[in-house]
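Here is a short report on how one protein chain packs. It covers a helix, the core, the strands, the aromatic pairs and the salt bridges.

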Amino acid sequence: MNNRATGVLVVHSAPRALCSHIEWALNALVGVPLKFRWRDQPVSRDCVRAEVFWDAPTGSGARIASELRGWVDTRFEVTEDPSYGGLGNRFSYTPTLGLFGAEIDAAGNTMLTEARIGSLLTDAGNDVSSVRDLFDRALGGPWDRELEPYRAAIYDPSIRLLHGAG
């Protein structure tokens, strides 16, 4: 049985002053030095972003997310790839929403168990709007919407976030 996992940490935005602390924390967790390449984050002035692949003991994705959550003005996503015959994990963090975690399949789809679906339907009662909202949250919708401008900036550095628009 393989007790190793691989994954990716994407720091969507972090203050420059935290870069060395994030590197130190992740290197300590995985046990080997990793190469971070910090770049400006055009969506968030005075912040940088980085993407790093990791290989560490199974469950390290959760440990990485737990370590980094709550750091000032830091937004990130951690994925732990599914192991043979199992599921992986995805964690997303934003300062406004906190930490989201879910199991994912090999294609990156968020998996909801039968019990979880039943619980969501019970919680919603007969309110269709509540069903929609509860499923959206269970699938990480609010985190995806908040992180999307930061994700897009990885591919298009001209992306700028408009505050107070609309």
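## Helix α2 and its buried face

Helix α2 has five residues to look at first: Ser60, Gly61, Ile64, Ala65 and Leu68 are its buried ones. They span an arc of only 140 degrees around the axis, so they sit on the same side of α2. An α-helix makes a turn every 3.6 residues, so residues three or four places apart point the same way. This is a predicted model, and the text should be read with that in mind.

What lies over the buried residues of α2? The cover includes β1, α1, β3, β4, β5 and β6. Just after α2, Gly70 adopts a positive phi of about 90 degrees.

## The largest nonpolar core

The largest nonpolar core holds 23 residues. Leu9, Ile22, Leu26, Phe36, Trp54 and Val78 are the ones that touch the most other members. Several elements each give at least two residues to this core: β1 (4-15), α1 (19-30), β3 (47-57), α2 (60-68), β4 (75-80) and β5 (88-94). In soluble globular proteins, nonpolar side chains tend to be buried together.

Leu9 shows how such a residue is surrounded. Leaving out residues up to four places away in sequence, Leu9 touches Leu26, Phe36, Ala50, Glu51, Val52, Trp54, Ile64, Leu68, Phe76, Glu77 and Val78. Among these contacts, Ile64 and Leu68 are also buried residues of α2.

Is β5 enclosed or open? In β5, 6 of the 7 residues are buried, so the strand is largely enclosed by the rest of the structure. It has antiparallel partners. β4 and β5 pair in the antiparallel sense over 5 bridges. In that pairing, Phe76 has Tyr93 of β5 as its bridge partner.

β5 and β6 are also antiparallel, over 7 bridges. Gly88 has Ile104 of β6 as its bridge partner. The two strands β5 and β6 form a hairpin, with 3 residues between them.

## Aromatic pairs

How many aromatic pairs are there? The count is 3. In one of them, the ring centres of Phe36 and Trp38 are 5.5 Å apart and the planes are at 10 degrees, so this pair is stacked. Phe36 is buried, at 13% relative accessibility.

Phe100 and Trp143 make another pair. Their ring centres are 5.0 Å apart and their planes are at 35 degrees, so this pair is tilted. Phe100 is in strand β6 (residues 98-104) and Trp143 is in helix α5 (residues 141-155), so the pair ties together parts 43 residues apart in sequence.

## Salt bridges

Across the whole structure, a search finds 8 salt bridges. As a general point, side chains of opposite charge can pair when their charged atoms come close. One of the bridges joins the side chains of Arg16 and Asp40, at 2.3 Å from N to O. Arg16 is in the loop between β1 and α1 and Asp40 is in strand β2 (residues 39-40), so the pair ties together parts 24 residues apart in sequence. Arg16 is partly exposed, with 48% relative accessible area. Asp40 is partly exposed too, at 49%.

Other bridges reach helix α5. Glu77 forms one with Arg151, and their closest N and O atoms are 2.7 Å apart. Glu77 is in strand β4 and Arg151 in helix α5, so this pair ties together parts 74 residues apart in sequence. Both Glu77 and Arg151 are buried. Arg90 and Asp144 also meet through their side chains, at 2.4 Å from N to O. That pair links distant parts of the chain, with Arg90 in strand β5 and Asp144 in helix α5, 54 residues apart. Arg90 is buried, with a relative accessible area of 11%, whereas Asp144 is partly exposed at 25%.

Which residues form a network of salt bridges? Glu77, Arg90, Asp144, Glu148 and Arg151 are linked in one.

How values were computed:
Residues numbered from 1 in each chain as written. Predicted model: local features only at pLDDT ≥ 70, side-chain atom pairs only at ≥ 80, totals over all residues. Heavy atoms only, no water. Phe/Tyr/Trp six-rings, centres within 6.5 Å; stacked < 30°, edge-to-face > 60°. Buried < 20%, exposed > 50% of the residue type's maximum accessible area, 1.4 Å probe, protein only. Helix = DSSP H or I, 4+ residues; strand = E, 2+ residues; numbered from the N terminus. Core = buried A, V, L, I, M, F, W, Y, C linked by side-chain atoms within 4.5 Å. Contact = heavy atoms within 4.5 Å. Arc of directions from axis to C-beta. Pairing = 2+ DSSP bridges. Salt bridge = Lys/Arg side-chain N within 4 Å of Asp/Glu carboxyl O.
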